[in-house]
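I wanted to look up how side chains meet in this structure, and I kept my notes in the order in which I searched.

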Amino acid sequence: EPGCNRVSYMLAAQTGKTTIMQTIMAYFIAHEPRSQIVCMPTQGDSQTFLETKLRPMIDANPSISGVMAKQRGREGVNNSRIMSYVGGWMMMSWAGSPKTLRGRSAPVTLADEVDGYEDTAEGNPVQLLAQRAATFGDQRLMIESSTPTVKGASNIEAAFLQGDQRRYWVPCPDCGEHQVMRWDYV
């Protein structure tokens, strides 16, 4: 959407937040190549995501794997921290390490499970990540997602409340009227 440079989505656990993020990453590899910085709560989370979700997705999609640098290849970097592709690169970072959140800038930043982020001596990891894209102006896009934790103290809740608070509408199976899914409707 023109003019939209931040998307914050707050969803229940195990409802596809990371999968949505993966499709955004894939889009910016295969269709509109741009460099990206991906942030997870911990280094372990970053490594697990890379090995169990990101690499399998890349390998399963010829239009994505075909533009990626090969591991130990000459056409670019492809390791556990940075993966090059035609038109950009993707850097893995984690919230507990400000070092992984500086040094490079990218127009696309993606932060997963932001309620698991703790402030560091250098500040809030989401804000540090946002600074990595600030110089790209209208071309920047920040994506952040999480399952909310404590009401009133949740990072994703605060981000969601700063936005336009869009909700996913679903049709009633009986009458077809669109409504927001709520537990008391179940």
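**Notes on side-chain contacts**

I searched the whole structure, which is a predicted model, for salt bridges and found 7.

I looked up the accessibility of both partners: Glu144 counts as buried at 2%, while Arg6 is partly exposed with a relative accessible area of 37%.

I then turned to Lys17 and Glu113, a salt bridge in which the closest N and O atoms are 3.6 Å apart. Lys17 lies in helix 1 (residues 17-30) and Glu113 in the loop between strand 5 (108-112) and helix 4 (125-131), so here parts that are 96 residues apart in sequence are tied together. Lys17 counts as buried at 4% relative accessibility, whereas Glu113, at 25%, counts as partly exposed.

I also recorded a salt bridge between the side chains of Glu32 and Arg34, at 2.4 Å from N to O. Glu32 is partly exposed at 28% relative accessibility, and Arg34 is buried at 16%.

Next I looked at the rings, and I found 1 aromatic pair in the structure. Tyr27 and Phe28 form this pair edge-to-face, with 5.1 Å centre to centre and 80° between the planes. Tyr27 is partly exposed at 36% relative accessibility, but Phe28 is buried at 7%.

Last, I noted that Arg104 lies over the face of Trp89, 4.9 Å from the ring centre.

Conventions:
Residues numbered from 1 in each chain as written. Predicted model: local features only at pLDDT ≥ 70, side-chain atom pairs only at ≥ 80, totals over all residues. Heavy atoms only, no water. Phe/Tyr/Trp six-rings, centres within 6.5 Å; stacked < 30°, edge-to-face > 60°. Buried < 20%, exposed > 50% of the residue type's maximum accessible area, 1.4 Å probe, protein only. Lys NZ or Arg CZ within 6 Å of the ring centre and 35° of its normal. Salt bridge = Lys/Arg side-chain N within 4 Å of Asp/Glu carboxyl O. Helix = DSSP H or I, 4+ residues; strand = E, 2+ residues; numbered from the N terminus.
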